[in-house]
Amino acid sequence: MLVYWEMTQACMLSCKHCRAEAMPLPHPLELAHIEGRRFLRQIAGFDEPLPHLVLTGGDPLSRIDLYDLIDYARALGLQVSITPSATPALTEGALSKLKIHGIQSLGLSLDGSSAQRHDAIRAVSGCFERTIAAAKYAASLGLPIQVNTLVAEETADDLPAIYELLKSFPVMRWSLFFLISVGRGKALQEVSPERGEQLMNWTFDLSRKAPFAIKTTEAPSYRRVALSRMRASNLSAAEIKSSAVYKGLQVRDGHGIVFVSHLGEVYPSGFLPLSAGNIRTDSLVEIYRSSPLFRALHSPDKFQGRCGLCELRQICGGSRARAFAHTGSPLGADPLCRYQPESSTYMASLAYSAPV
């Protein structure tokens, strides 16, 4: 399970696809230090294995109490990762300090294969060079790196060149984030279902030879593509079960993922802006397990449209965030997926009895 904490809305970038619609200064009502510690204790209230905490923003480096909160989370037994922004604050000293304080991995965003393309998305010059420098220095520290890349009409044709660039320095994982039209992202264009299917097949082909893992974000239908391709390649059940795709089955917005905003609001994900409660007054564990919104998202049989009819709804379920952005309902159909549900259980058999 992943718990994302938007520590602050403050960030010096103006990214065109920013979900948080970040601002230069922190919101005056963002969670204070003592509230942050109380929230971390709530996360520790989940059963073993404890959730993995991802610190995000805005720019978490802009919180003056960042390292104290990391230390407190680690003392509670939580594993912690962070996704800082590529601002002048992302120095070698900051990276070294993150390593010393026990950060497990670093998430960096790279949305173009050149400064011109990447900085056009980030809307601030110099981001590309800072990102590359941070990745190389983090690698020298032995700090695992996940690179996050936007998949939209504006970036899709550049993905092969970005891949070639990433091969030049150590990367643990490349995450392809398929755009959701929320926040500033409404100004960009999502790929069509046909283009999405093509990109997912390209991603699967690439994953067979890439020197690092490749995953998709907000594109759970990739699981259908990958499972089908693995089955067509005559991989055994054991080989499929050992794949990264199999290990991510059933995880989706609100199920295996929860997001807490800088104001304490609890969302199914950062891209699904429906609040189920607030950690200032409610228990995160109880919200996740018992609130009507999360209980519905835990139950694929309640999904609507093609996603509700699909025999793969348990292992995929579609992007709940994209369904909400397009239909107004978090239980609606994911318009990125072009698959038409079958009456048989053939495709469901590809999952080889995925664990609940």
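In this predicted model, Phe177 stands opposite Thr217 in strand β7. Strand β6 (residues 173-178) pairs with β7 in the parallel sense, over 5 bridges. Both strands belong to an open sheet of 9 strands with mixed pairing.

**Sheet**
- The strand order is β7-β6-β5-β4-β3-β2-β1-β8-β9.
- β7 and β9 (266-267) are the edge strands, each pairing on one side only.
- Strands β1 (residues 2-6) and β2 (residues 52-56) run parallel and are joined by 5 bridges.
- In that pair, Val3 stands opposite Leu53 of β2.
- Helix α5 (residues 127-141) packs on the sheet, where it touches β4 (105-109) and β5 (145-151). The direction of α5 makes about 160° with that of β4.

**Helices α2 and α3**
- The axes of α2 (residues 66-75) and α3 (residues 92-100) come within 10 Å and cross at roughly 20°.
- Because angles under 35 degrees count as roughly parallel, α2 is roughly parallel to α3.
- The crossing of α2 with α3 is right-handed.
- Leu66, Tyr67 and Ile70 of α2 meet Ala94, Lys97 and Leu98 of α3.
- The residues of this contact divide into 5 nonpolar, no polar and 1 charged.

Note on methods. Residues are numbered from 1 along each chain as its sequence is written. This is a predicted model: local features need pLDDT of at least 70, side-chain atom pairs count only at pLDDT 80 or more; totals for chains, interfaces and linings use all residues. Side-chain values use heavy atoms; hydrogens and water are left out. Axes are lines fitted to C-alpha atoms, for helices over the stretch in contact, and angles run from 0 to 180 degrees between N-to-C directions. Helices (H or I, at least four residues) and strands (E, at least two) are DSSP runs, numbered from the N terminus. Angles under 35 degrees count as roughly parallel, over 145 as roughly antiparallel, 65 to 115 as roughly perpendicular and the rest as oblique. A crossing is left-handed if the near helix is turned anticlockwise from the far one by less than a right angle, and right-handed if clockwise. Contact means heavy atoms within 4.5 Å. Ala, Val, Leu, Ile, Met, Phe, Trp, Tyr, Cys and Pro count as nonpolar, Asp, Glu, Lys and Arg as charged, and the others, Gly among them, as polar. Two strands pair if DSSP finds at least two bridges between them.
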